[in-house]
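Q: I'd like to learn how to read aromatic contacts in a protein model. Could you walk me through them?

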Amino acid sequence: MKMAALNILSQPWPPAPSLSVSNCYYSFCNTSKSISSNKSHSLSHSYHFSLLSSLYGSNRPNPSSKLSAMPTHFSKSGILLAGSGGSWMQDNSMHHNSPAGSECGQGPLYSVFPTKPAQVSSVQDLFTFICSGPLINKLGFTPEAVAESIDKWLAYGLHLCRLFQLNELYLTEPQKVRLYHYYIPVFFWCDDQISQHRSLYKDGEDIPPLVIGFSAPQGCGKTTLVFALDYLFQVTGRKSASISIDDFYLTAEGQAKLREANPGNALLELRGNAGSHDLPFSVETLSDVSKLSKEGMKMKLPRYDKSAYNGKGDRADPSTWPEFEGPLTVVLFEGWMLGFKPLPVEVVKAVDPQLETVNKNLEAYYDAWYKFIKAWIIIKIKDPSCVYQWRLQAEIAMREAGKPGMSNDEVKDFVSRYLPAYNAYLPTLYSEGPEGSDPKRLILIEIDEERNPILGN
């Protein structure tokens with residue numbers, strides 16, 4: 001599901017120069033005697049600002065305005081009104097040089113995260129923290145590999161602090177986890193997938209962008225993950241584009257026809273389930289964006305307006321669609337039901353008889369979506385009931401900010417239209433992967449109720 005993301009300032013942020021371990025890390029370690037010392041060293045302001053100078057020179061650039069297509073709204077308590085994954089960015093460490101008397105931080109926090117600041121006290125501490133992450137072994141990292149690339153880890157961390165308006169001197173534990181245990185390891189994995197993809201082509205050949213599919217339930221933070229990855233690709237000099245399955249919903253007219261053709265089926269009454277997407281339009285769009293491999297080639301990617309027709313939604317006017325220019329390196333394609341595949345009729349009817357039509361509709365989704373995806377990231381949750389809690393948190397924050405938000409009963413009704421599909425299709429997605437997927441080009445990331453990765457099975 002699409003969500004609001006961040007209010008990005010207008011000044012463009014050019015790619016940062018490569019950090020040198022010798023002139024940044026070792027200079028700090030010399031000041032603090034030794035990186036391998038067992039003593040705990042305090043992360044000084046002078047060290048950190050020296051490091052920022054190494055990254056940016058005398059300018060402290062702001063994130064690119066190109067990413068402002070997903071506007072951010074913060075509630076009075078400072079929670080990102082994102083629909084998912086926003087509560088880890090809390091006011092106690094979000095803003096740089098916040099003016100005295102600012103309203104930020106006022107009011108109760110609807111958050112599952114602790115707020116105790118967790119400073120990285122030395123380079124050794126950061127290295128140890130990174131290596132303790134649950135994805136390190138899963139993604140094939142070794143301590144040696146982390147040590148060799150530690151300059152990139154810190155550079156990417158600083159980029160994301162700028163993007164999410166975090167105070168890099170006082171990251172909370174949830175913020176550290178989100179950056180160094182989740183977003184940055186996944187970025188490294190995506191980067192490796194791109195290298196493998198490009199190695200399949202000879203010099204001089206047009207290389208189509210790699211399409212990476214992100215399948216994750218609503219509210220678990222997939223859009224924020226994609227947003228962070230998209231930004232990291234841009235600041236490291238690669239052109240990227242993102243699109244959601246939401247952008248392929250039927251028009252309002254098409255949705256009305258679907259509803260009329262399936263009277264009494266609550267799963268097809270509103271947008272969401274298989275059958276409510278414009279699959280020919282999907283094929284056309286994904287085919288065209290996959291050809292965006294040359295300099296000067298341009299195309300607009302569709303967007304969906306969920307606020308149209310009193311919340312029933314409609315395809316946004318093409319004049320508002322964002323334009324992308326080739327050559328694209330990667331396309332990030334995300335959705336709550338991406339990778340679902342049809343099951344035996346008796347299986348889905350046992351979950352909910354209304355799923356029979358949805359299940360039949362799924363048969364066309366491989367050719368419309370999945371065949372374009374060459375690498376997969378599957379976000380696994382333990383219990384689909386988490387979707388209700390996550391959605392409720394988002395709506396509470398929306399109402400707190402004075403914006404229209406669903407009541408608790410409306411949230412329950414909204415989520416109930418998706419739960420049958422989750423209960424029916426998630427077990428197979430987790431055990432078998434999407435149809436046509438390559439197990440060597442797929443990662444399964446299990447997250448907890450706080451939307452952070454865990455070791456899992």
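A: Gladly! Phe-188 is buried, at 13% relative accessibility, where buried means under 20% relative accessible area, exposed over 50% and partly exposed in between (1.4 Å probe, protein chains only). This is a predicted model, in which local features need pLDDT of at least 70, side-chain atom pairs count only at pLDDT 80 or more, and totals for chains, interfaces and linings use all residues. Residues are numbered from 1 along each chain as its sequence is written, and side-chain values use heavy atoms, with hydrogens and water left out.

Q: How is a pair of aromatic rings described?

A: By the distance of the centres and the angle of the planes. Rings of Phe, Tyr and Trp (its six-membered ring) pair if their centres lie within 6.5 Å; planes under 30 degrees apart are stacked, over 60 edge-to-face, and the rest tilted. Here there are 21 aromatic pairs.

Q: Is Phe-141 buried or exposed?

A: Phe-141 is buried, with a relative accessible area of 14%.

Q: Which residues does the cluster of ring pairs link?

A: The cluster holds Phe-141, Trp-153, Tyr-156, Phe-187, Phe-188 and Phe-233.

Q: And what about a charge over a ring?

A: The test is that NZ of Lys or CZ of Arg is within 6 Å of the ring centre and within 35 degrees of the ring normal. Lys-176 lies over the face of Phe-129, 4.0 Å from the ring centre. Likewise, the charged end of Arg-315 sits over the ring of Phe-281, at 4.1 Å from its centre.
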